[in-house]
Amino acid sequence: MSTLETTTETETEEVEQEREETPGDRRRELKRERAAERERRVEAELDDAENTRRLKVFRYDPEVEGKEEPRFDDFVVPYHKGMTILDALIYARDQYDSSLTFRHSCRQAVCGSDALFVNGRQRLGCKTQLGDLDDPIRIEPLPHQEVVKDLVVDMQHFYDQMHAVEPYFDPDDLPEGELAEQRQTPENREYVKMATRCIWCGACMSSCNIAAGDNEYLGPAAINKAYRFAMDEREGEDRKQERLRIIEQEHGVWRCQTQFSCTEVCPKDIPLTEHIQELKRESVKNNLKFW
Amino acid sequence: MSQSYDRGTVEDFGRWREFSAGMWAWIFHKFTGWVLVGYLFTHIAVLSTSIGVDPASSAVAGQTDLYTTTLRGLEDLLIVRFLEVGLLAVAVFHILNGIRLLFVDLGLGLEVQDKSFYASLVLTGAIVVASIPTFLGGAI
């Protein structure tokens, strides 16, 4: 009897031991350990940091039960001099919630993928310094565009409007020889220089409430793109006429009501309203007939 | 494809604290424009019903025109005098901002568009304050 009991207990222990050592259990245990370690590291980092900043981040996930309703999540991040909004978001995602979703790519204000609505203004996450903002830092997706998840908006309409102005260099004549340069005068280059700086971030379009109310309005970015080519001396007169025809339509330049919102938020400092106004004047001159 | 969340118009206008000078200029210009249109229609309505001879007065004093009677009646009301001050404010701002927009259209002063808006507001305020003795004189 005693031997039987001992055998049974040993078997039970072995079975329990086997159960504990399933790969799933090991993974879960490892995950718990990593989470605890991460928490300790975050605590230590927050204690060591000279000061911390609080982020209020817009969250929305229509595909997860219980997260369909938009809400704001708070994240406390350690602040270091030179830290940007994008750095803070990456910290929050890596240390607190891996499901936090936002776009970013080059991290140096060139790709335009991390345009966000921070403390009531459209800004590039990678260009905006945390130190310049008041606490708590409210981070939301770009307004006037549909939110897909968290800070990610659907940019399709913006891209459609950009493509509507045919944003491609299209000269009448090509220079002789395949490798010959397509020369432009320095004065003309200077004239269109600012317009060429557009990074397609969509901040201007998001800040324009005329664009928000009129889905067909080309928007500041697209008009700026048209300006860049219409004012380029290397494109022929016929092509310029074609571009003016696109921008002087009902939902083109004439929809702009000079609110200057686009110019104020442009992260590349493009004088968008100025360009739109100039195209308005070009359009008028183009249609003036004295007979 | 996930379902998208549209934040809607109400939230957009709930962000009024974030509006900048150009945006306020646009809102005030629209608002004052509609007020002026409303005033013009009211003006036409009042004038068109004030043509002819006042039957009550003509019976007694004879030949007092209805226009004068109506206008005097209106001017005797303190609220009308205050409304006239408001009308002046609305008209002056609309005119000044209109001139500002004309310059913007011509590409002049684009970099001081916010300052010119504040200047329009200050000038409107100064003109309205200066007009108060004329409009409210003898009424209070």
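User: Which helices of chain B each supply at least two residues of the lining of the second largest pocket?
Analyst: The model is predicted; local features need pLDDT of at least 70, side-chain atom pairs pLDDT 80 or more, while totals for chains, interfaces and linings use all residues. Residues are numbered from 1 along each chain as written, chains are lettered from A in written order, and side-chain values use heavy atoms, without hydrogens and water. A pocket is an open set of 1 Å grid points where a 1.4 Å probe fits, with protein on both sides within 12 Å along at least five of seven lines; lining residues have an atom within 4 Å of a point. Helices are DSSP runs (H or I, at least four residues), and those asked for are helix 2, helix 4 (66-75) and helix 5 (78-105).

User: Which helix gives the largest share of the lining of the second largest pocket?
Analyst: This pocket holds about 410 Å³. Its 13 lining residues include Y39(B) and H43(B), both among the closest to its centre. The largest share, 5 residues, comes from helix 2 of chain B.

User: What volume does the largest pocket have?
Analyst: Its lining counts 38 residues. Helix 7 of chain A gives the most, 5 residues. Volume is the space filled by probe spheres set on the points, and here it is about 1,100 Å³.

User: How many polar residues are in the lining of the largest pocket?
Analyst: The lining also has 12 nonpolar and 10 charged residues. Asp, Glu, Lys and Arg count as charged; Gly counts as polar. The polar residues number 16.
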